[in-house]
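Let's go through this model together, one "how do you know" at a time. Keep the picture open while you read.

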Amino acid sequence: MLKPFFVLPALVALAFPPQQPVPATPAPATGNAANPVKPTAESQAKAKKMYGYDCAMCHGPTGDGKGDIAMKPAPKDLTDPASLKDMSDADLFAIIKSGKGQMPGDGDRLKDDDLWNMVIYVRSLAKK
């Protein structure tokens with residue numbers, strides 16, 4: 001009569017083995033790598049569209065950090081040239097790809113050229 005009480009936990013333990021830790025993904029390289037992409041009107045229109053879908057909700061439509069989603073701390077004001085002056089294009093690429101803090105990254109969802117074009121677009125927000 002008590003056999004099921006001893007067999008059931010053993011079956012559950014075998015059915016759901018302990019999960020192995022997932023190895024950490026190495027951080028993307030950062031530094032002073034130059035952006036290998038030359039912007040075109042078409043590539044920047046695509047980057048602007050992607051920004052509108054993926055970034056504007058937090059960073060604001062103009063990049064001023066005043067998006068519809070309130071965040072603490074608020075996102076950087078991308079319209080202020082000083083906010084990105086100490087960041088290389090490779091640094092921005094890595095943040096857009098992998099995320100930072102509360103910001104999720106685009107990971108492998110976008111091609112590298114699209115990410116580099118987004119870097120160009122983000123930098124252009126400070127020039128307006």
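Q: What span does helix H2 reach from its first C-alpha to its last, and what is expected at 1.5 Å a residue?

A: First, a heads-up: this is a predicted model. Helix H2 covers residues 41–54, which makes 14 residues. From first C-alpha to last it reaches 20 Å, close to the 20 Å expected at 1.5 Å a residue. The expected value is 1.5 Å times one less than the number of residues, so H2 comes out close to its expected span.

Q: Which residues of H2 are buried, and what makes us say they line one face of the helix?

A: The buried ones are Ser43, Gln44, Ala47, Met50 and Tyr51. Look down the axis of H2 and these buried residues fall within an arc of 120 degrees, so they line one face. Here's the general idea: an α-helix has 3.6 residues a turn, so residues three or four places apart point the same way.

Q: Which residues are exposed on the other side of H2?

A: Those are Ala41, Glu42, Lys49 and Tyr53. To be called exposed, a residue needs over 50% relative accessible area.

Q: What covers the buried residues of H2?

A: The cover includes helix H3 (56–59) and helix H5 (112–125).

Q: How many residues line the largest pocket, and which lie nearest its centre?

A: The lining has 27 residues, and His59, Pro75, Ile95, Lys100 and Met103 lie nearest the centre. The elements giving two or more residues to this lining are H2, H3, helix H4 (89–98), strand S2 (103–104) and H5. The pocket holds about 700 Å³ of space.

Q: How do the lining residues of the largest pocket divide into nonpolar, polar and charged?

A: There are 18 nonpolar, four polar and five charged residues in the lining.

Q: How many helices and strands does the protein chain have, and in what order do they run?

A: It has five helices and two strands. From the N terminus on, they run α-α-α-α-β-β-α.

Q: What share of the protein chain counts as buried?

A: Of its 128 residues, 32% count as buried.

Conventions. Residues are numbered from 1 along each chain as its sequence is written. This is a predicted model: local features need pLDDT of at least 70, side-chain atom pairs count only at pLDDT 80 or more; totals for chains, interfaces and linings use all residues. Side-chain values use heavy atoms; hydrogens and water are left out. Helices (H or I, at least four residues) and strands (E, at least two) are DSSP runs, numbered from the N terminus. Buried means under 20% relative accessible area, exposed over 50%, partly exposed in between (1.4 Å probe, protein chains only). The arc is that of the directions from the helix axis to the C-beta atoms. Contact means heavy atoms within 4.5 Å. On a 1 Å grid over the protein atoms alone, a cavity is a set of points where a 1.4 Å probe fits but cannot get out, and a pocket is an open set with protein on both sides within 12 Å along at least five of seven lines; lining residues have an atom within 4 Å of a point. Grid points are joined across faces, edges and corners, and a volume is the space filled by probe spheres set on the points. Ala, Val, Leu, Ile, Met, Phe, Trp, Tyr, Cys and Pro count as nonpolar, Asp, Glu, Lys and Arg as charged, and the others, Gly among them, as polar.
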